[in-house]
Amino acid sequence: RKYVPHMLLITVCSTVIAMPVVAVLADKYGKKTVYIPMVALTIPLLAGCGVVPPKSLALIIVLIVCMGALMSANSYIPWTMLPDIVDAYQLQTNQRQDTLFFSIYLLVARFASVVGQAATTVALVIGGYITGACTQLKSVDTSLRVLMSAVPIGFTLIGLICIVKYPISEEKKKENKAALKEMTTSLHEMKAPVSGEGH
């Protein structure tokens, strides 16, 4: 228990340190190309969380550092994908809805956080967690290991399927940017004569 704050600090630090590296890789090789393998690599690490011995502090730290570094992709790349989605939506509908898409993303993220907290509570109840007890049942340990490994692996696989089907490649993104630039230029050219007539 006394190591929990340190573990959280290590996770945050490894995520923050890895984020600039992820940004450079995503810019060089493409968001989807970087995101898929980084998310896929979290699966064996999550599986390791389910089987690592409780007193193997060094192994736990290694897992946490690797998970934090890989999770930096989840913290960075989805945010950079949102403008691409907004651009594609604008080309299809001629409406730009930045606020709508960012609000939906934040809402889904908040909902996922609430579901995660509720799932933890349910897992503890199912495992027979005793509040205030220094020693817990073995079933509590089993429930938490399933919650920390099997459940995230399942959601990670679902996420991988979604990202594989993500239709906006780097080439498509460039095409959308060029089309929007052309659209903006055309609008300015259409407004120019009107402004001239007004003078």
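## After helix α4

Let's start at the residue that follows helix α4: Gly128, whose phi is positive, near 85°. Please keep in mind as you look around that this is a predicted model.

## Along helix α4

Helix α4 itself covers residues 98-127, 30 residues in total. From its first C-alpha to its last, α4 reaches 43 Å, close to the 44 Å expected at 1.5 Å a residue.

Which residues of α4 are buried? They are Phe101, Ala123 and Gly127. The cover over these buried residues includes two other helices, α3 and α5, the latter spanning 138-148.

## Gln92 in helix α3

Helix α3, part of that cover, runs through residues 57-93 and holds Gln92. Is Gln92 buried or exposed? Its relative accessibility is 70%, and exposed means over 50%, so Gln92 counts as exposed.

Gln92 and Gln136 are 44 residues apart in the sequence, while their C-alpha atoms sit 56 Å apart in the model.

## Thr156 in helix α6

Now move on to helix α6, residues 150-164, where you will find Thr156. Thr156 has a relative accessibility of 13%; buried means under 20%, so this threonine counts as buried.

What does Thr156 touch, leaving aside its neighbours within four places in sequence? Its contacts are Val39, Thr42, Ile43 and Leu46.

Notes
Residues numbered from 1 in each chain as written. Predicted model: local features only at pLDDT ≥ 70, side-chain atom pairs only at ≥ 80, totals over all residues. Heavy atoms only, no water. Helix = DSSP H or I, 4+ residues; strand = E, 2+ residues; numbered from the N terminus. Buried < 20%, exposed > 50% of the residue type's maximum accessible area, 1.4 Å probe, protein only. Expected span 1.5 Å × (residues − 1). Contact = heavy atoms within 4.5 Å.
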